[in-house]
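Reader: Please take one part of this model and look at it closely. I would like the helix packing first, then the pockets.

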Amino acid sequence: MLNLRKVYWAGTVGAGAACLLLIGMAFIQMPAGLTYPGAEVLTGHLRLGAAEAAEYGNAIRLLFGLDTLFLIGWILAWAGLAAYLRERQPFFAWLSLGFGLAGAVLDFTENGLVWGAVQGWGWGMAADGAWLAVWKAVQSLSYVLPFAGAAAAAAALWGEKGWSQASAWTGSALLLPAAAGIYFPALALAANVWFLVWFLCVGMLLRRCAKRV
């Protein structure tokens, strides 16, 4: 039988780790004013000097390591949330879990695409336009799917109070600026801030649940 207390605590730890890792990744700077993953470098449109190339490689490796840990926290947090929702709205619980985990899988896929391109760049090979198109599509879906999962969770959380209500608002009204951040570079930060707020709310909700079980 599922031990809800352990699931809730695992989700709490996962959500907390996800928040801390998001903050940590925000402080990692790439050379030459690049933003992740440095597509201009990978496609050969920008050439880096030896020192900048080394800095770029170190930044990418660090980001990959932290993002892998972030995704583990993501999965734990979403599993805990689904366990909480299952007691209330099983349909929305499974829908939220499916979208949430699919988003994590696509984020892993995006990392794989970038890592492959980074390896090719190290061997003197530039990524082509097809790679860039696939990467952008996967990246966009890795945001859209968890947004859909959060919206499904919000549908099950409406009417509750405290952190449940905060999670419901985050998974509904706050999705608008976050979704805009996918398509408008000036609002790119909004999507990442949304994840920080989302995992904070989910973590606090699961922490409350773990103490009550």
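Author: Start with helix α3 (residues 50-86) and helix α8 (residues 188-212), which pack at an angle of about 50 degrees with their axes 10 Å apart. That angle makes α3 oblique to α8. Angles under 35 degrees count as roughly parallel, over 145 as roughly antiparallel, 65 to 115 as roughly perpendicular and the rest as oblique. Axes are lines fitted to C-alpha atoms, for helices over the stretch in contact, and angles run from 0 to 180 degrees between N-to-C directions. Helices are DSSP runs (H or I, at least four residues), numbered from the N terminus.

This is a predicted model: local features need pLDDT of at least 70, side-chain atom pairs count only at pLDDT 80 or more, and totals for chains, interfaces and linings use all residues. Residues are numbered from 1 along each chain as its sequence is written, and side-chain values use heavy atoms, with hydrogens and water left out.

Back to the pair. The crossing of α3 and α8 is left-handed, meaning that the near helix is turned anticlockwise from the far one by less than a right angle. From α3, the contact (heavy atoms within 4.5 Å) takes in F70, W74, A77, W78, G80, L81 and Y84. From α8 come F195, W198, F199, V202, L205, L206, R208 and C209. By class, the residues of this contact are 13 nonpolar, 1 polar and 1 charged. Ala, Val, Leu, Ile, Met, Phe, Trp, Tyr, Cys and Pro count as nonpolar, Asp, Glu, Lys and Arg as charged, and the others, Gly among them, as polar.

α3 also meets α1. Their axes come within 7 Å and cross at roughly 145 degrees. This crossing is left-handed too. The contact of α1 with α3 has 19 nonpolar, 4 polar and 1 charged residues.

Now the largest pocket. Its volume is about 1200 Å³. A pocket is an open set of points on a 1 Å grid over the protein atoms alone, where a 1.4 Å probe fits, with protein on both sides within 12 Å along at least five of seven lines; lining residues have an atom within 4 Å of a point. Grid points are joined across faces, edges and corners, and a volume is the space filled by probe spheres set on the points. Of the 38 lining residues, Y36, Q139, Y143, A188 and N192 are the closest to the centre. α8 gives the most to this lining, with 7 residues. α3 supplies at least two. The lining divides into 26 nonpolar, 7 polar and 5 charged residues.
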